[in-house]
Amino acid sequence: QVQLVESGGGLVQPGESLRLSCATSISIFSSYTMGWWRQAPGKQRELVATVTVGDSTNYADSLKGRFTISRDNAKKAVYLQMYSLKPEDTAVYYCYALNIYSRRDYWGQGTQVTVSS
């Protein structure tokens with residue numbers, strides 16, 4: 001059973017930075033595209049960023065330049081570095097894993113990020 005556990009969320013002020021981490025129990029980490037999604041109150045879940053097994057990254061257009069996704073294959077973890085946070089970044093952030101062969105996906109429980117003064 002694949003488990004994804006997010007950490008690093010919290011309350012920050014506008015303009016500050018935050019780094020989210022996702023630890024996984026994935027046995028063959030190199031078989032997974034990893035990513036982050038978020039869901040704000042009253043809104044649909046939206047893609048934040050993904051990183052492939054080859055380290056190719058993809059970002060939501062509105063977040064390019066402020067967010068950076070990375071993966072550590074040795075630690076079987078994925079990270080999301082967020083800069084210049086805005087109140088509209090407030091959401092629950094979910095870690096996501098997609099097996100590139102079976103196309104089965106897995107989700108973490110989410111971590112709350114609140115940007116407020």
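Colleague: Happy to look at this one with you. What share of the contacts with a separation of 6 or more in the protein chain comes from residues 24 or more positions apart?

Modeller: Good place to start, and do keep in mind that this is a predicted model. Residues 24 or more positions apart make up 53% of those contacts in the protein chain.

Colleague: Which secondary structure elements does the protein chain have, and how many strands and helices are there?

Modeller: The count is eleven strands and zero helices. Following the sequence, you read β-β-β-β-β-β-β-β-β-β-β.

Colleague: Let's turn to covalent links. How many disulfides does the structure hold, and which residues form the pair?

Modeller: The general idea is that a disulfide is a covalent bond between the sulfur atoms of two cysteines. Here the structure holds one disulfide. Cys-22 and Cys-95 form it, with 2.1 Å between their sulfur atoms. Because Cys-22 sits in strand β3 (residues 18-24) and Cys-95 in strand β9 (residues 91-99), the pair ties together parts 73 residues apart in sequence.

Colleague: Is that disulfide left-handed or right-handed?

Modeller: Look at the torsion about the S-S bond. For Cys-22 and Cys-95 the torsion is about -85 degrees, so the disulfide is left-handed.

Colleague: Are the two cysteines buried or exposed?

Modeller: The cut-off you need is that buried means under 20% relative accessible area. Cys-22 has 1% relative accessibility and therefore counts as buried. Cys-95, at 0%, counts as buried too.

Colleague: What does Glu-6 touch, leaving out residues up to four places away in sequence?

Modeller: Its partners include both cysteines, Cys-22 and Cys-95, and among the others are Trp-36, Tyr-93, Tyr-94 and Gln-109. Glu-6 belongs to strand β1 (residues 4-7), and its relative accessibility of 11% means that Glu-6 counts as buried. The C-alpha atoms of Glu-6 and Ala-23 are 6.5 Å apart in space, while the two residues are 17 apart in sequence.

Colleague: Where is Gln-81, and is Gln-81 buried or exposed?

Modeller: You will find Gln-81 in strand β8 (residues 77-82). Gln-81 has a relative accessible area of 19%, so Gln-81 is buried. Beyond its neighbours within four places in sequence, Gln-81 is in contact with Ser-17, Leu-18, Arg-19, Arg-66, Phe-67 and Thr-68.

Colleague: Now the backbone. What is the phi of Asp-55, and what is the phi of Arg-103?

Modeller: As background, most residues other than glycine have a negative phi. Asp-55 is not a glycine, yet has a positive phi of about 70 degrees. For Arg-103, also not a glycine, phi is positive at about 65 degrees.

Colleague: Where do these residues lie, and how exposed are they?

Modeller: Asp-55 lies in the loop between β5 (46-51) and β6 (57-59), and is partly exposed, with a relative accessible area of 48%. Arg-103 is in the loop between β9 and β10 (105-107), and at 54% relative accessibility Arg-103 counts as exposed.

Key
Residues are numbered from 1 along each chain as its sequence is written. This is a predicted model: local features need pLDDT of at least 70, side-chain atom pairs count only at pLDDT 80 or more; totals for chains, interfaces and linings use all residues. Side-chain values use heavy atoms; hydrogens and water are left out. Helices (H or I, at least four residues) and strands (E, at least two) are DSSP runs, numbered from the N terminus. Contact means heavy atoms within 4.5 Å. A disulfide is a pair of cysteine sulfur atoms within 2.5 Å. Buried means under 20% relative accessible area, exposed over 50%, partly exposed in between (1.4 Å probe, protein chains only).
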